[in-house]
Structures are given as structure tokens and as C-alpha cells.
Amino acid sequence: EHSGQKKPTMSYDNVQTGRLKLKGGSNIKKPTVKRDEKKLVDLNAKRIQEKEEKERKEAELRKESAKAIAEIDAESAELDLNYRTKKTPAQLQFEEVQRTKMIKKRAEESAETSHRQKIEKFNKYLNSLSEHYDIPKVGPG
């Protein structure tokens, strides 16, 4: 046994477990719902019809939104064309060259080093830092 501790007494031995029993409830029965087969068939048909109608409305909304998006795209393309026409051909060519250079640069950087190489490079950098950046120890020890 443990050092001087008493064994706990079973104070819950007389606890009753199981379902709660109500007084005089033995003759109470759960109410049953009587459904008419014809009503069930009508309800199911009505639900199916409502579901189809809802799907039709959603399809129409999708078509309308697609048309609106297409119109907005067309307008933005016109605005973009108008904006581009205000630039000289040299400016447009310069922007295009810059864009392609940037894409190539990003692709080369991502293909150049793997994750492991990046981590090793970062660790070398951290090791090269002076001890000045370390957290100073405070107190004895």
C-alpha cells in the first residue's frame, strides 16, 4: 500500500444506473403518426417538381451572370485597348520585353535552387553572423 494513505471507500455503490423511470408511465405509449400513401406520393412529386424548378432558376441565373461577366470583359478589353493606344509603340514593346524578362527571371530562380539548397545557404548565412546577434545570457549559469 501507499505511504499512509487510506483506500477510498466506494461511496457510489448505491447509485442506480439505467433509464429514468417515470411514476405511472408504464401505460404511456409513443404516439404513432398515420400517413396516407396517396399524400406521401403527392408530397414526393411536389418536392421533385420544386427541386427541378429551383435548378432551372439557378441555371438561368448562371446564364445571366455569364452574360454579364462577358459584357464586363468586353468593356474592360475596350478600356485596355484604349489605354494601350495612348502609348507609343516603343513603350508597348518595352513593357512586353520587361514582362518576358520578369517571367524568365522568376522561372530561373525557382529552378536554380532546391529547398534543401536554400536552407543550407540560409544556415551558412546565420553561421557567418557575429556572436553580437546572439541572445545574451542573464544571471549566473
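**Ground rules.** I number residues from 1 along each chain as its sequence is written. In this predicted model I take local features at pLDDT of at least 70 and side-chain atom pairs only at pLDDT 80 or more, while totals for chains, interfaces and linings use all residues, and side-chain values use heavy atoms, with hydrogens and water left out.

**Fold.** I looked up the secondary structure and found three helices and zero strands. Helices here are DSSP runs of H or I with at least four residues, strands are runs of E with at least two, and both are numbered from the N terminus. Along the sequence the pattern reads α-α-α.

**Helix α2.** I checked the span of α2, residues 89–112. Its 24 residues reach 34 Å from the first C-alpha to the last, close to the 34 Å expected; the expected span is 1.5 Å times one less than the number of residues.

**Burial.** I call a residue buried under 20% relative accessible area, exposed over 50%, and partly exposed in between (1.4 Å probe, protein chains only). Of the 141 residues of the protein, 1% count as buried. In α2 the count of buried residues is zero.

**Surface.** The protein exposes about 15,400 Å², and carbon and sulfur atoms supply 55% of that. Areas come from the Shrake-Rupley method with a 1.4 Å probe; for residues, only the protein chains shown count as cover. I noted a nonpolar surface patch of Phe122, Tyr125 and Leu126, with about 310 Å² of accessible area together. Patches take residues with over 30% relative accessible area and no salt bridge, joining like charges within 9 Å and nonpolar side chains (Val, Leu, Ile, Met, Phe, Trp, Tyr) within 5 Å. Phe122 lies in helix α3, residues 115–128, and is partly exposed at 46%.

**Salt bridges.** Side chains of opposite charge can pair when their charged atoms come close. I required a side-chain nitrogen of Lys or Arg within 4 Å of a carboxyl oxygen of Asp or Glu, and the count comes to three.

- Glu53 pairs with Lys57, closest N and O atoms 3.7 Å apart. The two sit four residues apart in helix α1 (residues 37–85), about one helical turn.
- Lys87 pairs with Glu95 at 2.3 Å between the closest N and O atoms. Lys87 is buried at 17% relative accessible area, whereas Glu95 is partly exposed at 29%.
- Arg99 pairs with Glu96 at 2.6 Å between the closest N and O atoms. Both lie in α2, three residues apart.
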